[in-house]
Amino acid sequence: MRDVEINIKGMVSAHTIIAFSIFIATLMPHFFVENYSVYGTHLAWLYSVSGSVAVVNITIFWLLGISPPTKKHTLSYKVSRLVKSCLHFVASCLFFHLVLVLYGATLLEAPLETFSLAVLLSCFTTLRCLCALGPNVQAWIRVFSRDGAMSIWDTCLQITTAGTLIGTWLGAFPIPLDWDRPWQAWPISCSLGATFGFLMGLLVAPGWIYWHRKQLTYKCK
Amino acid sequence: MSSFSSKTTVSDLPAEPLSGNNPNSSKVPAPLFHRVVIVLIDALREDFVFGSKGQQYMPYTQHLVERGSSHSFVAKARPPTVTMPRIKALTTGSIPGFVDVVMNLNSPVLLEDNLLWQAKAAGKRIIFYGDDTWVRLFPKHFMEYDGTTSFFVSDYTEVDKNVTRHLDSTLNRDDWDILILHYLGLDHIGHLSGPHSSLIGPKLLEMDDILKKIHSSLTSREMEGSLPNLLVLCGDHGMSETGSHGGSSDPEINTPLVLISSAFKRKVDMEKPGTVAQVDVLPTLALALGLPISRNSVGCLIQPVFEHTSLRDQLRFLHLNSFQLNCLLKDSTPNFQKEEGYDQFHLAEKSHANWMKLYLEGNTSEVLSNLGRKLLRQYLGALKAMSSTLSKQLGKYDMYSMIVGMVLVLQVLLVLILAMPEALSHPAEVEIPLYSSLLSLPFYMLWLLCCSIHVLVCTSAESSCYLCNLSWGLVLAAITTISAMLCVLLSMAGRKLASGAKTGTKNTNGSGFSELDMLLLTGTAGNVISLGSSSFVEEEHQTWYFLINTLCLAIFQDVCRKYFRERKNYSDDSSYLVSKEDLPVLLSPISGQGSQKWLALSTPLLTLACCRLLRSLNQTGVQWAHLPDMSHWLNSWEHKAELSVLSAASLVLIFFLVQKRCSLVSKIALALGLLGVYSYRAAVGNVLFPWQLASRDISKGTVEARFVYIFVLGILFTGSKDLLRSQVITADSWLKCRGLWEVYSGIVLLCAILLRPHNLPVLACSLLIQTAMAQYIWKELQYDAAQTSIIHYWFGQAFFYFQGNSNNIATVDISAGFVGLESYVAIPAIFLTAFSTYSGPLLWACHLVCYLSSAQDSRHPASLGHGCYCFALLRSIPTVVYIILVTALRYHLFIWSVFSPKLLYEAMHTLVATVVCIFFTAMDQNHIAQS
Ligand SMILES: [Zn+2]
Ligand SMILES: [Zn+2]
């Protein structure tokens with residue numbers, strides 16, 4: 001039980017850093033991009049957030065040592081893992097792109113916008129899975145199936161992923177409204193929804209785990 | 001507004017305002033024109049005359065507009081932009097309600113005060129050629145007429161030749177005063193191939209020629225000393241970018257209005273046409289002909305038309321128009337004194353009187369004319385203010401009848417909801433305590449109370465509500481229903497409370513909802529809530545596409561969970577170190593055979609792909625309706641071969657998907673029927689026959705279509721024969737299933753003939769999804785009846801929009817009503833149109849009956865009952881909520897253009913669902929009889 005509480009403290013600080021990095025990433029491009037605004041130059045904001053979340057996530061997971069232990073410590077093994085992770089990430093971007101197209105994003109018009117959103121979604125979900133679980137599809141399936149979480153980080157992954165996806169889903173609702181606002185353009189409302197959902201996930205996860213720490217009896221640790 | 005049949009007469013006209021004692025006032029202003037020819041071209045868009053198309057194809061008109069003695073305007077029509085309401089607007093100057101759209105198909109005699117009545121009363125002789133809607137609206141007004149039917153959309157030459165052939169002889173005669181011509185060809189071309197079709201140019205040239213002929217004849221016959229003639233060119237409504245009309249987009253509401261007469265000043269340079277309202281045409285024409293303005297007209301006269309008359313006359317015309325609007329304002333607004341226009345009018349009337357005094361005294365100074373011009377502006381301001389108040393008002397709402405209707409539907413919904421635990425219980429039997437409540441004291445008390453309220457409401461004030469005008473028998477029946485339902489509700493609620501107290505909170509047996517249940521519930525609720533927003537009503541298809549996409553992904557996740565469940569002994573740390581070799585073992589299914597698993601896995605993906613393709617087939621809605629879609633591509637002339645291949649492939653696929661559960665006879669009938677569908681489309685000219693590439697005469701295809709109808713009836717007959725046998729004689733469930741399936745395949749065949757060829761893939765995909773889902777998903781994953789019903793309902797909704805429908809009247813494909821008919825016959829045409837419009841929801845509902853009755857076995861004896869209940873509930877919740885929403889939003893800006901068409905769709909859909917539910921119940925009878 002003590003163990004869990006210490007872990008939660010670590011998670012809270014990690015999540016604060018990630019949330020903070022998103023805010024920084026929103027503000028930073030002011031100094032580099034001319035006429036920067038979240039709506040006007042949306043893609044710049046999107047790349048900046050994706051990049052910073054990716055870097056911060058990788059650093060945190062590496063520092064906290066949550067990444068799965070590796071059998072061998074040879075360089076070639078590490079490199080192959082890295083390559084595999086990259087491939088998984090690219091595949092996940094393509095997968096999200098496909099899902100977005102299925103939801104009605106145009107195939108030929110604005111493919112860059114759609115793909116950028118897919119990258120953002122992958123950074124919020126797949127990248128964290130890659131950091132926490134490694135390029136191991138089986139472990140992912142385990143984590144995302146019912147009662148499959150085995151550590152608080154697994155539960156956290158579930159919550160943030162669900163938050164991101166639900167946020168994106170809800171973010172699509174304002175698009176058909178005839179208000180003619182700048183944020184109704186594709187994919188602004190969706191990416192804002194995804195970011196907001198991710199932030200909510202970061203906020204909710206430690207609290208929820210703390211609240212349910214008695215029910216959550218992880219089989220290991 | 002004021003009562004319909006009363007008409008303004010000459011004696012009602014006010015005298016010229018005078019303040020002195022000079023009784024020199026004319027009752028009737030003299031007409032300004034001798035003869036009037038009104039050329040109404042259906043669906044004439046503003047840019048067909050004033051835009052680049054006009055420059056190219058209407059050179060003569062363009063010349064008149066630019067340099068002739070003419071006045072040109074853009075007249076804005078009000079939605080609904082459908083012919084009959086627009087004719088009403090032009091002839092009565094009032095703004096017709098939405099009911100007129102429904103009446104468009106069956107126009108009754110126009111009893112309201114109108115221009116033609118006034119003209120006839122004044123002894124003018126009217127001749128009419130064109131759309132026979134006019135003849136039905138004004139049956140006794142024309143000295144001579146020839147109506148052409150507007151229902152054969154594919155005919156765009158004959159309809160206009162029928163009008164033009166009378167022209168020469170009529171123009172040479174002297175025995176008429178008003179000639180009205182209504183040309184339909186352009187509208188038909190629009191419906192066939194849109195505003196950019198190559199057929200538009202020649203048609204506009206033809207119209208231009210006709211105008212030239214009329215204009216030269218009118219000017220040549222103008223005699224010295226007599227009054228000049230007037231030629232009016234107008235459109236009833238425009239044409240959207242897809243060629244249809246009915247909505248409120250700019251190209252649909254902007255129509256040209258050109259008034260040509262030698263009385264007008266010759267123009268020197270092209271000016272940009274000003275904007276007027278379509279209802280302004282009526283007061284202008286009425287005053288120009290020296291007729292009283294119709295009672296319910298809300299328009300204000302188009303001032304430039306009267307510019308050439310003396311200032312006194314101009315003021316007189318303005319006075320007459322504002323007096324009429326003022327009367328209407330008094331009639332229709334309770335506190336009219338507060339309106340801006342009222343004060344303005346009275347001020348203007350006073351200064352008019354002063355001006356008249358000065359004028360009659362012989363004052364001819366500059367001051368007088370300046371004063372007069374100021375007065376003119378004052379009158380125009382008053383007119384504009386009153387007109388806009390009146391047009392905003394759009395009639396009063398009959399709140400009493402609306403509340404009674406709302407109470408009725410709410411009661412039905414509450415009964416349904418209260419019956420939920422019983423209806424979804426194992427035996428699925430709901431007991432409604434009707435007799436006991438009919439015999440109870442509260443029922444009689446309520447009944448008397450309702451009667452007294454009714455008498456009170458109907459006698460108080462001069463409210464002219466619908467219910468008060470009904471016969472007493474009907475009103476009593478309604479009152480009885482309301483009070484009986486209320487008693488039933490009370491007793492059901494009481495019973496529920498009593499049983500709840502007895503069993504405690506036992507029924508919360510915490511089985512919990514799965515993700516799918518959550519999605520189904522939130523999706524249904526979200527859709528219902530979204531109906532309160534006009535954008536979501538316009539773009540409702542987006543909601544459904546979004547929902548079924550999410551549904552498919554949820555189903556996919558369910559399938560994955562079933563087939564890729566991780567092993568239970570999978571809990572030690574070694575799982576982190578799974579190497580690549582372990583993967584295939586782990587990914588292997590826990591249950592089920594290999595192929596079964598992959599088919600199950602691919603079904604949601606196939607559905608997703610189908611939905612994505614169908615979504616790009618027809619663009620509907622409002623915001624993105626103009627985007628190019630596949631149906632336009634397929635329907636263009638150069639892609640006829642592709643369309644033929646696609647529809648033939650769809651028909652083959654339909655045959656293979658439907659035939660497997662039919663009897664041999666039905667199989668053969670189905671194959672022949674589908675062949676007939678293709679030959680019908682080839683005969684109509686939609687698709688090509690492979691062995692007859694040369695273009696041939698396009699017929700109406702009546703023979704082919706009737707050939708298909710015979711097979712439809714045959715299949716339906718064999719199906720119902722099997723059903724009856726299974727119900728009455730043997731209670732054989734296999735026979736029943738086959739009978740149901742045959743009925744279903746009959747419906748599929750009927751859909752195939754009615755749907756346009758580019759929509760045949762919609763039909764094929766819906767069958768494909770149904771087959772795959774039924775085989776690999778619903779049974780395998782053991783979805784219960786409620787879940788399958790909701791899924792069916794969602795898919796039905798999505799397919800309603802996939803086939804190109806929307807919540808706008810303009811997208812109803814009326815041509816389906818003429819398949820196999822020589823001429824317009826009301827009942828079959830309405831039935832066929834409704835059937836083809838609702839074919840998506842209907843097909844899915846029928847499939848639900850087939851699926852549930854085949855799944856109905858000892859384990860799920862009541863699944864049909866559950867399905868029927870869910871279906872009824874799913875249909876009634878949105879309808880009831882929408883009725884309440886629309887009542888609350890009745891003063892919304894878009895109430896006529898967005899909300900009321902949707903209400904019409906909801907009502908029609910509910911009717912279809914009722915038929916389906918009756919069918920459900922009939923199928924469920926033998927289960928009830930057995931238990
Ligand atoms: Zn029309
Ligand atoms: Zn039309």
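B:D924 is buried, at a relative accessible area of 8%, where buried means under 20%, exposed over 50% and partly exposed in between (1.4 Å probe, protein chains only). The residue B:D924 belongs to helix α38 (residues 895–930) of chain B; helices (H or I, at least four residues) and strands (E, at least two) are DSSP runs, numbered from the N terminus. Between B:D924 and B:V849, 75 residues apart in sequence, the C-alpha to C-alpha distance is 9.6 Å. The model is predicted, and local features need pLDDT of at least 70, side-chain atom pairs count only at pLDDT 80 or more, and totals for chains, interfaces and linings use all residues. Residues are numbered from 1 along each chain as its sequence is written, chains are lettered from A and ligands numbered from 1 in the order in which they are written, and side-chain values use heavy atoms, with hydrogens and water left out.

Chain B contains 38 helices and 8 strands, and 54% of its 931 residues are buried. Of the contacts (heavy atoms within 4.5 Å) in chain B between residues at least 6 apart in sequence, 76% join residues at least 24 apart. The largest nonpolar core has 108 residues, among which B:I753, B:W794 and B:F795 touch the most other members. Such a core is a set of buried Ala, Val, Leu, Ile, Met, Phe, Trp, Tyr and Cys residues joined through side-chain atoms within 4.5 Å. Leaving aside residues up to four places away in sequence, B:I753 touches B:V677, B:Y680, B:R681, B:A705, B:V708, B:Y709 and B:V819. A second, separate core of 70 residues includes B:M84, B:V232, B:C300 and B:L383.

Helices α29 (residues 640–659) and α32 (residues 733–754) of chain B pack at about 175°, with their axes 11 Å apart. Axes are lines fitted to C-alpha atoms, for helices over the stretch in contact, and angles run from 0 to 180 degrees between N-to-C directions. The two helices are therefore roughly antiparallel, a class for angles over 145 degrees, whereas those under 35 count as roughly parallel, 65 to 115 as roughly perpendicular and the rest as oblique. From α29(B), the contact involves B:L651, B:I654, B:L657 and B:V658, and from α32(B), B:W741, B:S745, B:V748 and B:A752.

The zinc ion (ligand 1) is coordinated at 1.9 to 2.6 Å by B:D42 (OD), B:D42 (OD), B:T83 (OG1), B:D236 (OD) and B:H237 (NE2). Donors are N, O and S atoms within 2.8 Å of the metal (3.2 Å for Na, K and Ca); water is not among the atoms, so sites may look incomplete. The spacing of these donors along the chain is D-x40-T-x152-D-H. B:T83 lies in helix α4 (residues 83–92) of chain B and B:H237 in the loop between β6 (230–235) and α12 (250–253), 154 residues apart; both B:T83 and B:H237 are buried. A distance of 4.6 Å separates the zinc ion (ligand 1) from the zinc ion (ligand 2).

In chain A, A:T106 is located in the loop between α3 (75–102) and α4 (111–124) and is partly exposed, at 35% relative accessible area. A:T106 touches A:T114 and B:R612, not counting residues up to four places away in sequence. A:A110, in the loop between α3 and α4 of chain A, has a positive phi of about 50° although it is not a glycine. The peptide bond from A:W186 to A:P187 is cis, with omega near -5°.
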